[in-house]
Amino acid sequence: MQKFIIKGKKIKNWNSFHSEFKKEMNFPDYYGENMNAWIDCVDELTDKPTILQIDNGKYLKENTPELFNAILECGAFVNYRKIEVGDKPNLVIATDY
């Protein structure tokens with residue numbers, strides 16, 4: 001099982017959101033820095049069971065709830081997309097909130 005740790009306190013806006021995920025999850029250079037690209041990159045990385053750990057998730061939810069919710073909603077969509085094609089959902093999102 002692979003694990004990625006995202007530092008919630010580093011995420012202040014959409015630019016830092018995409019920068020933090022690109023860095024910590026090793027997204028490719030051509031990453032489009034939008035949520036469709038985020039979903040595609042996370043989907044590609046979750047062919048095997050994957051934990052996405054959000055440190056300081058409570059801080060993130062309190063200070064930028066839109067970004068916190070985007071992680072949860074788009075993460076759920078990554079799993080749903082796998083189910084739709086007959087694969088197993090492999091993404092687990094863990095946070096301290």
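Residues are numbered from 1 along each chain as its sequence is written. In this predicted model, local features need pLDDT of at least 70, side-chain atom pairs count only at pLDDT 80 or more, totals for chains, interfaces and linings use all residues, and side-chain values use heavy atoms, with hydrogens and water left out.

**Stop 1: the strands.** Select residues 2-7, strand S1, and residues 50-55, strand S2. Helices (H or I, at least four residues) and strands (E, at least two) are DSSP runs, numbered from the N terminus. S1 and S2 pair in the parallel sense over 6 bridges; pairing takes at least two bridges found by DSSP. Look for Ile6 opposite Ile54.

**Stop 2: the core.** Select Phe17, Phe21, Met25, Phe27, Trp38 and Leu52. They have the most contacts inside the largest nonpolar core, which has 24 residues. Such a core is a set of buried Ala, Val, Leu, Ile, Met, Phe, Trp, Tyr and Cys residues joined through side-chain atoms within 4.5 Å. Next, centre on Phe17.

**Stop 3: Gln2.** Go back to S1 and pick Gln2. Is Gln2 buried or exposed? Gln2 counts as buried because its relative accessibility is 18%; buried means under 20% relative accessible area, exposed over 50%, partly exposed in between (1.4 Å probe, protein chains only). Finish at Leu45: the Gln2 side chain reaches the Leu45 backbone oxygen at 2.4 Å.

Definitions and conventions:
Polar contact = N/O pair within 3.5 Å; in protein donor to acceptor, adjacent residues only side chain to side chain.
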